[in-house]
Amino acid sequence: VKGEHLGEFEEFTLLAVRALGDNTYAVPIQQYVEKVTARAVSIGSVYAALGRLEEKGFVRSTMSEAVAQRGGKSKRVYTVTPSGLRTARDLHRVRERIWNAITEGGRS
Amino acid sequence: VSRPPRLPLAARWLLRLTSVPRHARAEVEADLLELFVRRRAEGGLMHAHWRAYHDVGSLCVRPARRSRFALLRDVIADVRYAVRLFARQPGILLLTVLGLSVGLGISTAAFSIMNSALLRGDGIVDSDRAPGVLRTTDGSTSTVWSYDEFVRLREGATRMQVEGVVGDTALVRTTAAQADAPAASVAFVSGGFFAATGGRVVAGRALEPADEPQPGQPPVVLSFIFWTSRFNQDPGVVGRTIRVGRTDAIVVGVAERGFSVPSNRLLWMPLTAYGAVYSATPVRRTPETGIQVFGRLLPGVALSEAEAQLSGVASTLPSTAGDSKLRVRLDPDTGLGRVSSSESLAIAAFVFAVIAIVLLLACANVATVLVSTAITRDREMGVRAALGASRRRIVRQLVTESLALGAAAALIGLTFAYWAIPMIGTMIEAPDGADLAPDFTVYVFLAVVTLVTGVGAGLAPALHGRGVDLVTPLKGEGAGQNRLAPRRLRSMLVVTQAAASVLLIVMAALFVRATFRAAAIDVGFDAAGVYSVSPGLGDPSADDGAAIRSFWTRAVPALQTVPGIASVTLSELTPFDGTSKTSMTGGRVVHFNSVRPEYFDTIGLRILAGRTFTRDEITAKAPVVVISESLARAYWQDQSPVGQLLAREIPGPATRPVVIGVVEDAITVRLDQRSTLAFYEPLDPGSEKFAQLMFRVAPGGSGVIQQASQRLRAIDPEADIRITSVGGRLEQEATRPRTLAALTGVVGLIAIVLCVIGLYGLTASVVGQRAREMGVRIALGAAPRDLLRLLMWDSLRPVVFGLVAGAGAALLASRVVASAMLFGVSPQDPLAFSGATVILLAAAVLAVIVPTRRAASVDAAFVLRRS
């Protein structure tokens with residue numbers, strides 16, 4: 001069983017794949033993460049994160065058919081797996097709970 | 001239609017240098033281009049370029065895809081695979097590991113001994129600041145000073161702390177009841193010795209200046225080795241009383257491991273205890289023989305400054321008559337048992353050369369085995385590569401395999417070294433206080449050597465598989481046999497092995513010949529039954545040797561009355577005790593000795609002409625000599641020398657003594673001594689303090705030695721009396737080449753076996769590869785005999801090259817190393833060289849002929865149809 005841990009950048013990448021609608025590829029993901037986080041993101045780190053996510057079983061990839069706009073080059077497209085989705089949700093829920101605790105604590 | 005946009009050329013070129021695998025490169029390039037176009041539109045050309053290079057750079061950082069344990073997992077898988085693979089060919093494997101472990105074991109043992117002898121040092125802290133103090137006049141340089149001089153130097157020195165030490169041996173009883181106490185080497189040191197050398201203790205305290213003037217029971221510090229061997233590291237030893245020589249001493253401390261200054265001392269006592277240890281009635285408490293003086297420079301003082309100041313002190317000392325004023329020279333490389341750096345460097349170079357040869361051999365053998373398996377494993381590697389294993393992964397597997405071999409061998413080798421080190425230690429006559437046991441440095445050495453051998457041997461077959469070719473090995477046999485590089489590599493390995501084997505076998509053969517030669521040497525007298533006695537009464541010049549002379553006066557009659565002792569004598573030198581007195585006269589070496597009249601009778605030399613000394617000649621120290629037969633022949637040819645004066649050119653103590661007798665020739669110093677020219681002078685009573693006693697036991701007597709020993713101990717129970725057999729010493733002389741012969745012989749034999757195994761495996765696989773070629777040759781009309789000749793020559797060629805190279809190396813090595821140990825066997829001994837060559841060649845032919853014959857008798861039609 002691969003590790004269930006999800007790093008911050010991996011989480012962003014995973015959510016970006018989900019947000020862009022499945023069957024997206026590296027370039028849009030890079031653009032998206034860069035726009036959302038408002039910091040320069042290198043393509044290499046995106047590849048690395050996608051590789052790790054795939055190894056952990058959170059995303060799945062397939063080679064797409066050749067597309068004319070990329071000069072006939074095929075590309076690797078990514079889809080979030082159910083387990084990836086579940087992990088991202090769990091993470092979100094944990095954060096929510098903590099935030100709730102903080103706001104409650106602030107009131108009292 | 002405009003041209004489709006492309007990524008900047010430099011970025012494309014740089015992309016090739018990144019770790020992006022080739023199959024993914026097109027995709028990555030497409031991604032980069034897409035980003036480039038987009039960024040150019042959004043932020044301009046400069047921005048797009050900048051970010052593109054930044055992205056390429058980010059690809060250089062290897063993505064950490066693999067989990068931390070992936071490498072370990074792979075290694076375990078590799079090791080398991082290696083074990084399975086090796087289990088399939090256990091015979092060759094076992095021999096390889098054994099060979100490698102012998103190689104590692106021998107080099108570890110050699111390194112361990114060198115480590116303790118040279119590298120570890122004596123444990124002097126900051127040795128450069130603790131120079132020896134040399135006594136210098138215009139005519140001489142000496143390492144020793146008299147006690148009074150030492151005291152004056154110590155008082156006068158202002159720039160350095162001056163200390164002194166005298167080394168000697170004494171009987172040490174650790175319990176009162178111990179009857180047969182062994183002797184131990186003792187250092188008598190001045191009070192600040194430990195402070196000046198930096199020696200520390202693990203228990204109790206070190207000796208201090210306050211110990212020096214103290215009367216009564218002297219304190220003693222034990223060395224770590226002594227504490228271990230005699231007290232089993234008993235922590236309660238401090239405060240105990242042991243008996244050293246003639247006095248009881250209180251153990252005050254135990255020195256830390258590794259501190260044995262100077263020259264492997266076992267005990268340290270104050271200088272002032274010297275008299276108490278050696279004389280029954282201490283006339284003087286301090287030794288009269290020379291004291292080795294050294295010092296510790298005070299902080300911030302330069303060597304030259306201290307030297308000048310101390311020379312000033314020395315110049316006020318009274319100098320010996322006729323000598324110039326005394327000066328001081330400070331030398332950080334002498335004193336305290338230090339070996340000069342050039343000397344230690346030479347020994348280290350020699351030991352490392354031996355280690356290198358042995359390791360090269362072991363390494364070459366493992367590489368040969370792995371290469372020959374690699375040839376048959378081409379197909380396996382091809383399959384692996386085709387299934388996506390990277391070249392790095394395959395190389396790693398090969399290296400893991402050889403490292404597994406190496407690790408197994410290292411363990412066996414270490415065991416071997418533990419077993420061999422004491423043996424080699426005895427062989428090279430290491431002193432008692434030497435700590436030969438491997439320490440941390442040795443383990444590091446073994447680890448590094450194993451790693452280097454393992455990786456080196458593993459890389460050889462990897463090199464062989466250079467440029468993994470996916471298709472050829474998968475297609476099956478027959479193809480791809482014309483790769484030149486691997487052949488050259490294999491030949492080189494065979495050449496190396498053959499050369500090293502020949503080198504070792506030639507050396508072994510030379511030593512074997514030397515053994516026979518040494519055993520056959522006629523020393524001219526009957527050494528069996530002759531024993532020598534050394535008194536062990538300390539400083540012979542103390543009190544003009546009164547103690548020793550009175551001991552001899554009582555010992556000689558005491559032994560003469562022991563039944564079974566045929567003859568007793570005194571002489572200055574006894575045969576084969578490691579000392580000699582010689583003079584070089586006109587290119588001739590003449591040995592001389594001072595003896596009592598009974599000497600010739602005792603060791604069994606017949607008097608050929610004239611007579612031996614008379615009692616009066618002894619007491620009067622008359623100017624008479626007895627000469628050896630060969631000396632008589634050299635100077636008087638056929639005439640009788642009796643009554644003639646000894647040739648003027650032979651320097652004797654008396655001016656031109658008269659020859660009164662001629663005795664048989666004898667070899668008494670070393671077995672390989674060339675010259676038997678000798679003369680004997682009377683041993684006058686004044687020289688008896690330097691003498692030893694010898695007696696001959698009549699054949700058939702039993703228990704004579706015990707009786708003699710009892711009588712001598714009855715005279716002086718405290719003295720370190722040693723009775724040694726002259727016959728035993730002679731035997732030891734003769735066994736020295738035998739041990740060397742055994743050592744090189746065993747290693748050489750292993751070398752040959754390994755070489756043959758490697759050669760067999762190699763030939764079998766090479767010949768197997770050439771089956772198709774053989775088929776074609778037969779189809780074209782070649783006779784099996786021709787094929788056999790061709791294959792044999794191809795396989796044996798590297799062996800022949802190796803033979804030539806090895807014989808050349810042996811010629812050099814034997815001349816340099818062994819000429820002293822060969823007892824007249826020529827270093828170019830044709831028998832040894834031809835013998836070694838024939839042995840290796842025969843072994844090689846045997847190794848080659850079996851697979852070759854099989855290949856030569858191949859069925860052409862079958863082979864050709866198959867491919």
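Tutor: Helices (H or I, at least four residues) and strands (E, at least two) are DSSP runs, numbered from the N terminus. This is a predicted model, in which local features need pLDDT of at least 70, side-chain atom pairs count only at pLDDT 80 or more, and totals for chains, interfaces and linings use all residues. Residues are numbered from 1 along each chain as its sequence is written.

Student: How many helices and strands are there in chain B?

Tutor: Chain B has 25 helices and 22 strands.

Student: And what share of the residues in chain B is buried?

Tutor: Taking buried as under 20% relative accessible area, exposed as over 50% and partly exposed as in between (1.4 Å probe, protein chains only), 49% of the 867 residues in chain B are buried.

Student: Which residues touch the most other members of the largest nonpolar core?

Tutor: They are B:Leu153 and B:Val244, in a core of 47 residues; a nonpolar core is a set of buried Ala, Val, Leu, Ile, Met, Phe, Trp, Tyr and Cys residues joined through side-chain atoms within 4.5 Å. Strand β4 (residues 160-173) of chain B gives the most to this core, namely five residues.

Student: What is B:Val244 in contact with, leaving aside neighbours within four places in sequence?

Tutor: With contact meaning heavy atoms within 4.5 Å, the partners of B:Val244 beyond those neighbours include B:Ala170, B:Leu171, B:Val186 and B:Met269.

Student: New topic: where is B:Ser630, in which helix?

Tutor: B:Ser630 belongs to helix α19 (residues 629-636) of chain B, and B:Ser630 counts as buried because its relative accessibility is 11%.

Student: Which residue does B:Asp526 form a salt bridge with?

Tutor: Its partner is B:Arg696, with the closest N and O atoms 3.8 Å apart. B:Asp526 sits in the loop between α15 (484-520) and β13 (530-534) of chain B and B:Arg696 in strand β21 (residues 692-697) of chain B, 170 residues apart.

Student: Is B:Arg696 buried or exposed?

Tutor: At 13% relative accessibility, B:Arg696 is buried, whereas B:Asp526, at 45%, is partly exposed.

Key. Chains are lettered from A and ligands numbered from 1 in the order in which they are written. Side-chain values use heavy atoms; hydrogens and water are left out. A salt bridge is a side-chain nitrogen of Lys or Arg within 4 Å of a carboxyl oxygen of Asp or Glu.
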